[in-house]
Structures are given as C-alpha cells and as structure tokens.
Amino acid sequence: MNLGDSFSIKQRRWLYPYLSIFSLFLASTIIPVNASVPVTTPIVSSTQATNSLEQGRNLYSSGQFAEAIRAWQTAAQQYHTQGDRINEALSLSYLSSAQQELNSWEAASLSIEQSLKLLQTAKPAADAILWAQVLNTQANLQLHKGKAEIALENWQQAQKYYEQAGDKMGSLGSQINSAQALQSLGFYRRAKQQLEALTQKLLTMPDSEVKVTGLRSLALALQMTGDLTNSQQILEQSLAIANKIAARPYLSSILLNLGKNAVELQDPQAALDYFEQAQQIATNPGDQLQGRLAQFKLFLYYDKPELAAPLAPQLLQQLGELPPSHSSLYAAINFVATVNQLKNPEKIIPLKDLAQLMAVTVKSAQQIQDAQAEAYALHQWGKLYSRTQQLSQARELMEKSLNIARQLQAEDIIAQSAWQVGKLYKQQGDRSQAITAYTEAVKALKSIRRDLVAVNTDIQFSFRESVEPVYRELVALLLDNQPSQAALIQARDLIEGLQVAELDNFFREACLDRAQQIDQVDPQATVIYPIILPDRLAVILSKTGQPLRYYVTAKPQTEIEQTLGNLLASFNPVSDSKERDRTSKQVYDWLIRPAEMDQAFKDSKTLVFVLDGRLRNIPVAALYDGQQYLIEKYAVALSPGMQLMAARSLSSKRIDAIVGGISESRHGFSALPAVESEVQKISKTVSSSMMLNQKFTSQALGDRVKFSSADVVHLATHGQFSSRLEDTFLLTWDGEVNIKELSELLKNRGNDPSKAIELLVLSACDTATGDDRAVLGLAGLAVKSGARSTLATLWPVKDKAAEMLMTRFYDQLRQPKITKAEALRQAQINLIRQTDFRDPFFWSAFVLVGNWL
C-alpha cells in the first residue's frame, strides 16, 4: 500500500517498549529462540530424562513457559535420581530461564543457585559450554535485580567459556549483554565502542544463520541505546544476508524490527512496507499475526482508523485460531490495549467482541498457568467495562487483576490496575479510597524506575499515557477543596516524583538520586512548584522551617497552555513588546502575584522554580509585573525537582576552569565568531585551560576533566536540547556527542562527590524547534552530568550579547559571598540597564539549573 502524504509527522514515541535485556539476548543462551541457535545435546543418561529436557525446549520456544517449567522440573528430578549432576545442573539452568520469563524471580534465583552448586562439585568437571550457559542465565537474573556490576563480571566469564568451547554465537551474545551492563553502569562510550567492535567482527564472518541472528541482536542492542540509524543499517545487513542464504524463518522478525525503527525515525511509509513484507513472508501463523498487528497499530498511531478498521476482524479471527501460548496471549492483550487507547473504539470493532476475546484470554492464561498474562487480560477487560459505564463490573475485574499482581509482586501491573481502581473510585465519588489506590499505583511506578517506559515486551506502556497521568490525577485529588499540610506535602513530593519519572523516561534508565532535600538547601530561598491541572494552575510554595503555602488560579488547561505558547512566541525580538509585556504580566499574576501579596517571599533572595509542562520553556526571570522584570527583584534558578548535592562556594577560593568552544563553521553548523573572544576573555578572567576549534575534541575534553581539578567547565559551542534522547547533543570538533556520552565525559573523575564539577556552562545551545518538552534535555544533562549546577541557554543568543553576559557573570562569581544565582542576576541586570541588549530575548534565555548557591 502506498500512503503518499496521508501520514503526518508525529512527535511522540511509537508505543513499543525498550526490550528487556533478558528477552532480547536469550539467543545467547543454550535455549533457542524460534530455533535460531543450535542446542548442545546433553550427556544422555536416560531416554526419559532427555525427553523431558527436549520437551521443555520445544515448549519454551513456543512460549508455553509454565509447561516448560514442569518438563524441566521433571528432568531435573530424574537426573537427580540417577546421580547425573551435570544434566541436573543444565535442567535447573533452563528452569531458571523459564521462571524468569514468568517473573518468578525467587524461584529463578533458587534454581540457578542450585545449578551452580551442582557444577562446582560435579565429577567429572562440567565442560566450558555448560558453565557459560549457566553463568549467562545467572547474569540475566542479576541484571534484573539491579546488580549490573556482578552481571557484567559473569557475562565476561561466560564469554571466556564460550570461546573456550568454540561457540561463536554464545561469545557474541555474552559480549552484547556485557555492553548492556556497561550502559546500566553509566559507561556509555565503552558500551558503544564494544558494540561497534562487535559489528565489525560480525561483518567479517562468513554468511550464516549465526551471523544473521548476531546482527539482529546487535541491532536491537543499538536500538536500546537510542542509536536508531546504526540499528537500522545493521538490521538491513541482517535482512540481506538472510535473503541471500534463504534463512526464511528469520525474515519476518527482522522486517518487524526494521518497521519499528522506521516509526521511531518518523518514516511511516517505510514502516508500513516493512510490516506488510513481514506479514507476507511469515513462515508461521504467529509471525503473520505480528506483522498484521504492527500495521494495525501503525494506522491508529497515525490517526488513520479507516485503514485500521478492515484489519480488526482479521486479527480477531487469527487470535481465535492460535493455540494458547505466551506469545498468542500477549498478542491478544496488545490488540485490545491498542484499541482501548482510542476515543471511539466502536468505529474499529464492537466492544463486545473485545470483551469476549479478553474473557477467552483469561481462561487460556489460567489453562497454561500464565498468571501475569491473566492479570493483564483482566486489566484490559476491566477497561472495556469502564468505557460502557459498568463501573461495578469494571472495578471487580480490576481488583482481580490487582490481587494477582500483588501475589506476583508484578509492580508494572499493580501500577496500571491500581490506577484504574483509583479512577473508578473517583468516578463513584469515593475520594478517600481513590487516593489510597492512586498512592499504591505511584508507589509501584517508583519501584520499577529502571523499566518505566515499559516492562513487558508485548504490553506497550507510554510515559505520556500510562505514567504521567497517574501522578497528575493524584495531585489533583489531593489539592481538591482546602488541602491539609499533609496533602500539600504529598502533592509536593508527587510533583518532584513526576520530574524524576520524566527524566528516567528520557534516559531510559533510573537517574541518580541526590543527597540534600531541595527546600533545606538555603533558608533565603523559596521553592515554587506550579503544576498545570485540567481545570486550574496550582502553585505550592516551600520555604525552610515554614508550612507549605498553596495558591490556585481556576483556568482551563487549554487557556493556560495557549497563553504560555503566546508568551514564548512573544520573546522573538520582532514581536510587539507591548503585547509581550501584557502576556508576561498575565503569567506573573498567575504564578507570582498571589504569593507576593501574601508576603510569602519576605526575606527571600532567590526564587527556585520546579517547572511543569509548558512552563519549562518560559524564561521565568523575564516575567513582568507591570514595572519590573522578576529578575530585578529576585535571583532565579530552576531545579529538576530532585534532591540536590550540596554546593561548595566558588567565591571562597580561586576558580579553576576548563574552557572550550568552536568559533568556525563545522559539521554543517554555522560559525560563532564571538566565541573566540568569549573563550579568551573568560580565560583571562579566571584561571583556565583553553581548547578552541581543532583542539576541542571529545577525547581532549574527557582528558582535561579527568586529569585536572577544575571546578568549572565552560563550553561555547552548538548544541541542542530535545525531549528525545537521540536529538540531544553537543558539538565538538570531531562531531556530535550525545547526552549520555557527554555525561560520561564530564563524570570522568569517578563517583567521588568531592570531585564533582561545580558548574557546567553551555553558552551557545538551543532547544529543539516545535518540541514543547525540549527543556527536558537540559534538565537531563544537568542531572546526568554530575555537575552541581548548570548554566545554559533556552535559545541561541546573539553571540556578542552572550560574550558580554558570560564575562560579567564570571566577574561577579569571583566576588565574596555571592551565589551563582545572584551572579547570573547581576549579569542579566547589567545587560538590561547598561547595554543595547535590554530586550528579554538577549538575557532571559540564560537559565541556572541545579544548586544555586
């Protein structure tokens, strides 16, 4: 099908998750995925035991994990009876893999521990391949538990065993897994280098099925790092080789992954072509279903229900014909979950048909003992009932889902089902029970920070649709009527928690927690927490040693966001300044004036904003009260909302800086002529080492940070902040450095807090055009760099103005007993009152994020 221009560009992410490392790289264990990896035959000591072992493999690869568990338990018992410790250990390792698939983590731990004990005492000694496979299974489990360092050691040991046994695929899988563990530990450049080296190694291998699966696994690993372009190229190479050697069973899976990447790369026509090919070339009904389901979701994602509707009855029929298995159950749940996200699902398929499908799915899940699938199916079934206002039935199903999830300790399902239970209580007017349920949902979300974007590879949760609303709806409940201090404290903590969750989602991993509570940092600061709710703008104020204050402006969210959009546009210097002042005063009246009239800022020198939603893009220093800008009355700082590291005073000692920049045109970016002057002036103002143009490479920056004691890093070069991880970068002479690599360079001194960079300055960066969450990239870098404070720009500023402001900033910073926020304030006031750059466009783009002292 050729869609021409029928697909409009979409900014939000394709709703499929980042795959768990365990499921991605199971190909590197002895258990085959779709029979893709040769299986080592165990030592045969009994036909019956061997049959149980083989039966388990077949059941596992068809997604029947509960049956596979029973088969491998039988095999382990039979081998134990015969005294065959080697094959008993192998059976237990298999058993742990299947238990991990069903989230039975304690049982999986016991199985793998038993397996290892048997190997350690086995006589004759176990061969290398068996040691490799058992260590690989154990490492998967350790990574799930957050023990990335131990997992890395085990995968490295497994790699040695695989190489000893001559198993190239096993060695490759272990190295890919090691790269994922390196990522979890924050070693992004090492992980990237390892994946690049593996790519080169694979490409030199002769064409084979091992090479096809190796390239596919490698591409999925790159997909997880956000390197979609290279992932796509490697998948295309894997596809070409699979076609060349006629490896038909692999083609559909590769094409599906190419399609998912194409959606992320905002090329829906290419994605559709890949999905259609995947369906047509599939060698089994399950793969054919996945191809059709991917097309269905693509059409709905791009708001083309007329193209999706004809596929719905076909999918329903296919789902009814597949025998119960892990993959068929989740395909059914995924199908219903996709339709459940629509405003008018009846236009696609009758709700009664979906409810019937979920009823059958629940029974099938019980039949194959997949309790997690049962809980998911009950959840989606309950959502269908809530759509038709059958609230009692909906709550009964959600409660069942929640109870199963609690028994499984499946926090991802608890989060979703408790949220729905809370919504149902709210609809029924039971505010107290609603708050209890919502609180359980938030607690569950916090406990799965490492997997916040998604937990299961088939159930697709997006942050914007399944995480953020939980926080916002609970805040709205807590702030109804006249909230108590306890309710205000919980709401304030939730606003901070939402900021953390957004950054976790941005980085696709848990961000670092900080050491000092934000409102305990400075008794002369007031922390302001605005949050945009559907019917109001709520503002909570926090000041050390005082009760929280609460102010509210009743306005529809659409009106608030429209006003904020107009204000942001008005900062363009060609805009009408009177209109800008009027709009700016309107926002000032919402955010600041009620508290000001209440004398809430008495004795405050600094206002610290934990900004929400579209407020993040607004330079709050430029809010206008009708006579003055906010910056003329208070120092202003932004905080990502987390606890902060304690700051050292820069003025109490000599400032030592690393200063780098690019003034020349490079890699398609325009020249910044005043950068040379800026860098040179700063180098004269403070003690520094300078890197300009050719000398400013990523390697040089990393080395300077690592081997110097500098407390300030000042970078005057092109950069972009975006809500998309892959679109957030900084330019060095040798190319773009993504945010994860940059954070690693800046933390090159290890994890000793006393050696952290005190101040990171980015004086020529920009936020991505048309991205209302672009400042998330700035907050992300501020947190991830390990720097105590970050000074950056919301938009590109005339480089002469930037040079003047930065020079003045450093002059002020050297004064005794001055905070970073006050130094920036004085530099901005200097531009307002003593230069031709008094328009807010030139000075308000500079924002201080993090610790303001």
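Predicted model: local features only at pLDDT ≥ 70, side-chain atom pairs only at ≥ 80, totals over all residues.
Visitor: Is H6 mostly covered or mostly exposed?

Guide: An α-helix has 3.6 residues a turn, so residues three or four places apart point the same way. In H6, 16 of the 17 residues are buried, and the helix counts as mostly covered.

Visitor: How much confidence does the predictor give the chain?

Guide: The average pLDDT is 84, and 88% of the residues score at least 70. Over residues 8–45 the pLDDT is below 50, and this stretch has 122 contacts in the model beyond near neighbours in sequence. For residues 452–461 the pLDDT also stays under 50, with 37 contacts beyond four places in sequence.

Visitor: What does the chain contain overall, in helices and strands?

Guide: The chain has 35 helices and 15 strands. Of its 853 residues, 62% are buried. Among contacts between residues at least 6 apart in sequence, 71% join residues at least 24 apart.

Visitor: Which residues touch the most other members of the largest nonpolar core?

Guide: In soluble globular proteins, nonpolar side chains tend to be buried together. Here the largest nonpolar core has 250 residues, and those touching the most other members are Phe-296, Phe-335, Phe-609, Leu-623, Leu-701 and Phe-809. Helix H25 (residues 485–507) supplies the largest share of this core, 9 residues. Apart from it lies another core of 39 residues, including Ala-49, Ile-86, Ile-129 and Leu-130.

Visitor: With which residues is Phe-296 in contact, leaving aside neighbours within four places in sequence?

Guide: Phe-296 is in contact with Ala-308, Leu-311, Ala-312, Leu-315, Phe-335, Thr-338, Val-339 and Ile-348. One of these, Phe-335, is also listed with Phe-296 among the core members that touch the most others.

Visitor: Where is Leu-329 placed, and is Leu-329 buried or exposed?

Guide: Leu-329 is in helix H17, which covers residues 326–340. Its relative accessible area is 4%, so Leu-329 is buried. Beyond four places in sequence, Leu-329 is in contact with Thr-361, Ser-364, Ala-365, Ile-368, Asp-370 and Ala-373. Tyr-376 lies 47 residues from Leu-329 along the chain, and their C-alpha atoms are separated by 9.7 Å.

Visitor: Which residues lie on each side of strand S8?

Guide: In a regular strand the side chains alternate between the two faces of the sheet. For S8, Val-712, His-714 and Ala-716 lie on one side, with Val-713 and Leu-715 on the other, and all are buried.

Visitor: In which sense does S8 pair with S6 and with S12?

Guide: Strand S6 (residues 656–661) pairs with S8 in the parallel sense over 5 bridges, with Gly-660 opposite Leu-715. S8 also pairs in the parallel sense with strand S12 (residues 759–762), over 4 bridges. There, Val-712 stands opposite Leu-759.

Visitor: Which residues lie on each side of strand S4?

Guide: S4 covers residues 606–609, with Thr-606 and Val-608 on one side and Leu-607 and Phe-609 on the other; both faces are covered, and all of these residues are buried. Strand S1 (residues 525–533) runs parallel to S4 and is joined to it by 4 bridges. Another 4 bridges join S4 to strand S5 (residues 635–638), again parallel.

Visitor: What is the order of the open sheet of 4 strands?

Guide: The order is S11-S10-S9-S13, with mixed pairing. Strands S11 (735–738) and S13 (765–767) stand at the edges with a single partner strand each, so one side of each has no neighbour in the sheet. From one strand to the next, the twist averages 20°.

Visitor: How many bridges join S9 to S13?

Guide: Strand S9 (residues 719–721) and S13 run parallel and are joined by 3 bridges. In one of the pairings, Gly-719 has Cys-765 of S13 as its bridge partner.

Note on methods:
Residues numbered from 1 in each chain as written. Heavy atoms only, no water. Core = buried A, V, L, I, M, F, W, Y, C linked by side-chain atoms within 4.5 Å. Buried < 20%, exposed > 50% of the residue type's maximum accessible area, 1.4 Å probe, protein only. Helix = DSSP H or I, 4+ residues; strand = E, 2+ residues; numbered from the N terminus. Contact = heavy atoms within 4.5 Å. Pairing = 2+ DSSP bridges. Axes fitted to C-alpha atoms, helices over the stretch in contact; angles between N-to-C directions. pLDDT = per-residue confidence, 0-100.
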